[in-house]
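Dear colleague,

Here is the structure we spoke of handing over.

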Amino acid sequence: SYASFKEGIEIENTVEPGMPDVLLIDEYDRSIFIETKYAVKGVIEFKKTQIPWYKRHPRLNITIVAYNDLTTNIHILSIESVYKRLNGRKVRLDNEKKYQIRR
């Protein structure tokens with residue numbers, strides 16, 4: 001719902017490297033944190049520190065964007081839907097069987 005962003009910051013952890021995350025800040029200093037993930041066979045895995053960090057910051061607008069390697073589609077998940085689907089540190093994306101590329 002943000003009309004414009006005045007700042008975008010790419011974030012990457014040098015201790016546990018992965019896909020860079022993004023923090024966007026709009027003209028009213030509201031922010032959205034975008035966690036990017038690469039789903040292997042339709043499953044994304046969170047590092048052991050990520051879910052506790054999300055829970056410590058419940059007012060932060062967090063969105064998970066996951067690339068599905070089976071279909072090359074992008075999935076956008078709210079943090080609430082991640083909590084509902086969480087199995088240990090893993091989340092299975094919606095089934096896209098009819099879209100899968102044969103390898």
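This is a predicted model: local features need pLDDT of at least 70, side-chain atom pairs count only at pLDDT 80 or more; totals for chains, interfaces and linings use all residues.

The hairpin

Strand S2 covers residues 21-26 and is mostly covered, with 5 of its 6 residues buried. Its partner is strand S3, residues 31-39, and the two run antiparallel, joined by 4 bridges. One of the pairings links Ile25 to Ser31 in S3. Between S2 and S3 there are 4 residues, and the two strands form a hairpin. In the turn, Asp29 has a positive phi of about 65°.

Thr36

Thr36 is part of strand S3. Its relative accessibility is 16%, so Thr36 counts as buried, the cut-off being under 20%. Apart from neighbours within four places in sequence, Thr36 is in contact with Met19, Pro20, Asp21 and Val65.

Asn68

Asn68 sits in strand S5, which spans residues 62-68. Is Asn68 buried or exposed? Asn68 is buried, because its relative accessible area is 2% and the cut-off is under 20%. Setting aside neighbours within four places in sequence, the contacts of Asn68 are Ala39, Gly42, Asn73, His75, Leu93 and Glu96. The Asn68 side chain also reaches the backbone nitrogen of Leu70, at 3.0 Å. Lys37 is 31 residues away from Asn68 along the chain, and their C-alpha atoms are separated by 8.8 Å.

Regards

Note on methods:
Residues are numbered from 1 along each chain as its sequence is written. Side-chain values use heavy atoms; hydrogens and water are left out. Buried means under 20% relative accessible area, exposed over 50%, partly exposed in between (1.4 Å probe, protein chains only). Two strands pair if DSSP finds at least two bridges between them. Contact means heavy atoms within 4.5 Å. A polar contact is a pair of N or O atoms within 3.5 Å; within protein, one must be able to donate a hydrogen and the other to accept it, and residues adjacent in sequence count only if both atoms are side-chain atoms.
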